[in-house]
Amino acid sequence: MPDLSTDFAGIKSPNPFWLASAPPTNSGEQVMRAFDAGWGGAVWKTLGNPIVNVSGRLGSIDHGDRRMIGLNNIELITDRPLDVNFREIAETKKRFPKHAVIVSLMFDTKEEWREAIRRSEDTGADGLELNFGCPHGMCERGMGSAVGQEPKVLEELVRWVMDSARIPVIAKLTPNVGHIEDPALAAVRGGADGLSLINTVQSIIGVDLERLVPLPTVGTASSHGGYCGPAVKPIALRMVGVLARDERITIPISGIGGISTWRDAAEFIALGSTSVQVCTAVMHHGYRIIDDLVEGLEQYLASKQMRSVRELVGRAVPGFVEWGELDLNHHVVAEIDAATCIGCQLCHTACHDGAHQCIHLPGTRAHAGHVAPQAARAAELAQAAAPEAPYRVPWVDETECVGCNLCALVCPVEGCITMVERRRAPAKDTWNERVAQGRDRVPGGLRDLR
Ligand SMILES: Cc1cc2nc3c(=O)[nH]c(=O)nc-3n(C[C@H](O)[C@H](O)[C@H](O)COP(=O)(O)O)c2cc1C
Ligand code: SF4
Ligand code: SF4
């Protein structure tokens, strides 16, 4: 089986799967149980000066029969005494010397940081994670995302930490910024050994329409919280990819945000993550999901003839380019497999109301004057291929199809609609090339303002 062992800026773990700093890493009893279950590392629930939490704290979004596709929280950092946390971290590290134990920290003054770093190192922990991401409560006190949103402050704070830290330091970033490169580069300049992202996205999860109060309610009010879970994965993937392809980011990345399955993890790794962290999926389904994560990743790597997870790190990064680099001559059209089509005609509705009016019902004609010979032929073929239900299978007017993919996305039958290539021209052409050659440049436009 492929080797899953991971070395993240000197922090070693038997596999790349770490628990993110959150309720699943609240205590030694929990983290040890997670390591017994198979997790490779854990970032302890953030330590800081004592706080008081509110209740309730969580709200979520369900979709169809799927519960908690997005989770929102207004919880702060640990509410357990620092002494207890440090004692349990030391116990955990002693019992699991080969697992990664990382202490997440969020303090205010330089002295507090220095003291917390010393005490963390005394536990034998493998690394520190600096929480520059919490987007509620702590930022009102000038910490968490308030630091993550101010690159100068972030850089200075990382310097403070690097002055005294002897173990690797990871800066955990907030996604609540316009350009994720700015805080990431500040962390690199400050001397951080690694980056982790994303922390949660500022959000209001909903409104109680009976009481007319936002959710989750704390008595008669609420505040905004931090959003995470499967719904944030695309946001997190982009941010990880943006940093991974940036040559100025010279330190490893730990990917976080909506990871629930081995596929999610593999995608984060392919887009540049050396390790991955999980919170919501464990809060939802428990530590036991690690079995599927490990087994799935191992099998995937083996199927790709990769001998270790390191071979997957960043493999999708070269394919992540700016829009202006995409080939304008690459064109695809929808093709319906009449043999598997169940005739629900959802594709027709989607294309007609939400796309480009080029999927037609059997027996109907395309727009007047637009029935190209290929389109008529497609209709005939569709009907011939589905003799059982010839009047339910729609047909695609290829001459009008822009290749947006919508019909394939709404079709309930896996593989029934495929997008097939119909190049516009043999050679590649891009927007950037057009601009460089003066073929698409509009002088005096917004670009001139920048
Ligand atoms: C209830 C809750 C508490 C959290 N507490 C912390 C924390 O103390 N420190 C921290 O860095 N991140 C905290 N997070 C953020 C997670 O570590 C993680 O960055 C985020 O949930 C995204 O990952 P996910 O989509 O797998 O949940 C918390 C998340 C939740 C849901
Ligand atoms: S959505 Fe799919 S199954 Fe339904 S009619 Fe279109 S091609 Fe057939
Ligand atoms: S790909 Fe888009 S434009 Fe083409 S048939 Fe499907 S929905 Fe219509």
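**Helix α6.** I started with α6 (residues 181–190), where Pro183, Ala184, Ala186, Ala187, Val188 and Gly190 come out buried, meaning 20 or more other C-beta atoms, placed from the backbone, lie within 10 Å of their own. Helices here are DSSP runs of H or I, at least four residues, and strands are runs of E, at least two, numbered from the N terminus.

**Housekeeping.** I'm working on a predicted model, in which local features need pLDDT of at least 70 and side-chain atom pairs pLDDT 80 or more, while totals for chains, interfaces and linings use all residues. Residues count from 1 along each chain as written, with chains lettered from A and ligands numbered from 1 in written order.

**What α6 packs on.** Next I looked up partners, taking contact as C-beta atoms within 7 Å. The buried residues of α6 pack against elements including α5 (151–164), β10 (194–197) and α7 (233–244).

**Leu195.** Skipping neighbours within four places in sequence, I find Leu195 in contact with Ala184 and Ala187, among others. Leu195 is also one of the residues touching the most other members of the largest nonpolar core, which has 93 residues; a core joins buried Ala, Val, Leu, Ile, Met, Phe, Trp, Tyr and Cys through C-beta atoms within 7 Å.

**Barrel.** I traced a closed barrel of 8 strands, β3-β4-β7-β8-β9-β10-β15-β16, with parallel pairing; pairing takes at least two DSSP bridges.

**Ligand 1.** Last, I checked the shell: 28 residues surround ligand 1, Cys228 and Cys279 being among the closest, where near means a C-beta within 6 Å.

Methods. Buried ≥ 20, exposed ≤ 12 C-beta atoms within 10 Å, placed from the backbone. Contact = placed C-beta atoms within 7 Å.
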